[in-house]
Amino acid sequence: MAMKKFLNDPANITSELLDGLCTAFSDKLTLVDEKLVCRANAKAEDKVAIVTLGGAGHEPALQAFVGEGLVDISVVGDIFAAPNGPKVFKALQMMNRPAGVLFVVLNHAGDVLNANIAMEMAEDAGLNVKMILTHEDIAPGADTPIEDRRGLVGCVPLYKVAGAAAEAGKSLDEVYAIAERFNDNMATLAVAMTVATHPQNGAEIGDIADDEMEIGMGQHGEAGTGPCKIMTADDTAKTMVERLMAAIKVTSGDKVLLTINGSGATTHMEMFLIYRAARKVLADAGIETACSMVGEYLTVQEMGGFQMFLAKMDDELIDLFKAPCDAPYWTVR
Amino acid sequence: MADTINADNMLAMLQAAIATIRENEEMLSNLDAATGDGDHGAAMAMAVGAADKAITEWDKASIKSLLHGVGWGMMCIDGGSTGPLWGSLFVGMSKGAGEADTLDSAALATAFETGLEKLQKQSKAVVGDKTMMDALIPAVGAIRTAADASASVNDAMAAAATAAADGAAATTDMVAKFGRARNLGDRVLGHVDPGATSMSLLFKAFSEAL
């Protein structure tokens, strides 16, 4: 079937969507050089800056999480494709300051390659940058090497805790340590029911039978651990949350952040059914859901499915998660 | 048969490669849709677009400046992995070409080897991992082998084109170790790797342009 989307010239999708985003939220965002989404009200120079990078086509992420208490610059590439290294370097250079820059990178081949080129250039230029790599996908197994584990929706709450720590005036080493503690205690598992199409060429990404779903699907619909027959919301949630609980080793008395991130075509109605079921499994195990996120954060066009994310929280992380922030798609007052 | 190539020959080779990749954009995206996210053709079209722009801005000074412009142009596209990988190859080749006005088969082998080395700083992939390396590494090896036997540039590049095509074809029976396709496991068996296919198209065009 031909792709059904509201588009103009496919080559201009990214620049047009960024123009729309940054004019819609002109009180919060400023677009620099067509692809650098920056905070409209620049952060004080004595606070650590947060920079991230990624492809487009996953809206609202990443760029709609630019704002006070979150990300300072999101460097955008093209649809599903990382921005180039020299451009990422430019963003690091713009944010360079004595307080330092935390550079958040999701583990995807193109993101990492371009981030490494930007980091090489940053080191040559003597910039004060620390890079952190998110890699919380447990589809290949929680014990597989980091390079085989993708960065999924976990970057969004990581921006939140790191961004809040930066706003609180913590040093780069402290912000990095907090972000890394969160990073080490989080896990995501994705499930897909229907595939996405690439908005520039109409190609369907992946292949799922009408009566099947696939747990462990990647951000773009790359295959996971294998297809299975469609299950109920309760059974799907239970299967997934139990794997996540085992991956981050939470037990009775622990506190967690539970996130249900819709992939694009799955409704909020379904997401709340899933959230309710997962929260019940956690409660039955004596685990307190101290923080929650249900909605569309990191999507992939019209893919049907969701990512379930679980992070073990301590009191400091909970306070940072609940601290004020002001971005187009995340505001806490 | 030419024993050496000059900057104009290199220009013709690059222009042939640009045309070939453009002709095959849709085919490359279709290959990628089977095992990745379906945008390899678009990314390669962007990369050769940047190469084309670099060629028009070329100062006509040397083979080195031509290859460097093409490589840096590719490095500056927003094409995911494509820009840094292909950009590194050509920037490395420019360094390997040095200041020479003409390259014989041995000097050409050195240029390609230096490009491969630069690329290997960005990617740990080896032959058998179902990546562009499955075409590139045998092709570079074939140029060196031909040069060692005092072959002409034409014969060396013909051998490279054959080696690259064979290497790309062999990816059909491989499980991917890198990129998005690695998450598919055995299900990539029977699908040729799009990156290796692009690389074999490059060598085919290079050879036919001579």
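Trainee: Two residues are in contact if their C-beta atoms, placed from the backbone, lie within 7 Å. So which residues does A:Leu17 touch, not counting residues up to four places away in sequence?

Mentor: A:Leu17 touches A:Ala56 and A:Glu59 on that count. Keep in mind that this is a predicted model, where local features need pLDDT of at least 70, side-chain atom pairs count only at pLDDT 80 or more, and totals for chains, interfaces and linings use all residues. Residues are numbered from 1 along each chain as its sequence is written, while chains are lettered from A and ligands numbered from 1 in the order in which they are written.

Trainee: Where is the place of A:Leu17 in chain A?

Mentor: A:Leu17 lies in helix H1, residues 13-24. Helices (H or I, at least four residues) and strands (E, at least two) are DSSP runs, numbered from the N terminus.

Trainee: And why is A:Leu17 called partly exposed?

Mentor: Because A:Leu17 has 17 other C-beta atoms within 10 Å. A residue is buried with 20 or more of them within 10 Å of its own, exposed with 12 or fewer, and partly exposed in between, with C-beta atoms placed from the backbone.

Trainee: How many residues apart in sequence are A:Leu17 and A:Thr259?

Mentor: They are 242 residues apart in sequence, and 26 Å apart in space, C-alpha to C-alpha.

Trainee: New topic! How many residues of chain A are in contact with chain B?

Mentor: In chain A, 28 residues are in contact with 26 residues of chain B. Strand E4 (73-79), helix H2 (85-95), helix H3 (109-124) and strand E9 (204-205) each supply at least two residues of that side of chain A.

Trainee: Which element gives the most?

Mentor: H3(A) does, with five residues.

Trainee: Now chain A overall: how many helices and strands are there?

Mentor: Chain A has eight helices and 16 strands. Its radius of gyration is 19 Å, close to the 20 Å from the globule rule for 333 residues, so chain A is as compact as a globular protein of that length. The radius is taken over C-alpha atoms, and the rule is 2.2 Å times the number of residues to the power 0.38. Buried residues make up 56% of the 333.

Trainee: What about chain B, how many helices and strands there?

Mentor: Chain B has nine helices and two strands, running β-α-α-α-α-α-β-α-α-α-α from the N terminus on. Of its 210 residues, 63% count as buried. The C-alpha atoms of chain B fill a box of roughly 45 × 35 × 30 Å, taken along the principal axes.
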